[in-house]
Amino acid sequence: GTHLLIMATFLQRLAFGGKPTLRRCFSLWTARAVGTRFFSSKPVESEKDFDDRWEKYFQRSDLDDWDLKKGWNEIYGHDLVPEPRIVTAALEASYRLHDVAMAIRMLESVKEKAGGNSEIYDYIITSVRPTLDKLGISTPEELGLDKVQQ
């Protein structure tokens with residue numbers, strides 16, 4: 001096992017220097033030789049199931065500050081912009097926990113995940129606007145947080 005990996009690494013450096021495509025192919029061979037698995041045996045979660053799971057997560061009555069931050073951090077780690085219903089559930093959870101600052105950080109992270117696409121961000125804000133108004137939460141733009149401080 002270990003000897004094979006060391007030998008494969010040595011051969012990779014010796015034979016393929018800095019060519020990324022060849023290195024990638026060789027790395028695949030190396031990983032297979034030492035028994036590394038590239039694919040999970042877990043079933044793939046549908047978008048609807050993902051949204052349902054996170055909406056329920058933030059609606060939990062036993063959710064605490066740590067769970068709120070952990071959940072939002074995990075969502076942020078995904079390559080997606082969360083759906084408005086997830087954002088709504090998270091905003092309501094932060095309000096229940098008296099953490100309005102976290103709600104504003106969530107909105108900032110949604111804007112960042114939108115990658116500068118104002119159409120996506122505006123859609124999210126428009127969709128969650130009733131919740132923001134009901135809870136009395138301002139957007140980062142309304143608070144002037146989108147402007148550079150001097």
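A crossing of two helices is termed left-handed if the near helix is turned anticlockwise from the far one by less than a right angle, and right-handed if clockwise. In the predicted model described here, local features need pLDDT of at least 70 and side-chain atom pairs count only at pLDDT 80 or more, while totals for chains, interfaces and linings use all residues. Residues are numbered from 1 along each chain as its sequence is written, and side-chain values use heavy atoms, with hydrogens and water left out.

By this convention, α5 passes α6 in a right-handed crossing, helices being DSSP runs of H or I with at least four residues, numbered from the N terminus. The contact (heavy atoms within 4.5 Å) is made by Val87, Ala90, Leu91 and Ser94 of α5 together with Val100, Met102, Ala103, Met106, Leu107 and Val110 of α6.

When neighbours within four places in sequence are left aside, Val87 is in contact with Trp72, Pro82, Leu107, Val110, Ile124 and Val128.

Ser109, which lies in helix α6, counts as buried because its relative accessibility is 11%, the class being defined as under 20% relative accessible area with a 1.4 Å probe and protein chains only. Residues up to four places away in sequence not being counted, Ser109 touches Trp72 and Tyr76.

Conventions
Helix = DSSP H or I, 4+ residues; strand = E, 2+ residues; numbered from the N terminus. Buried < 20%, exposed > 50% of the residue type's maximum accessible area, 1.4 Å probe, protein only.
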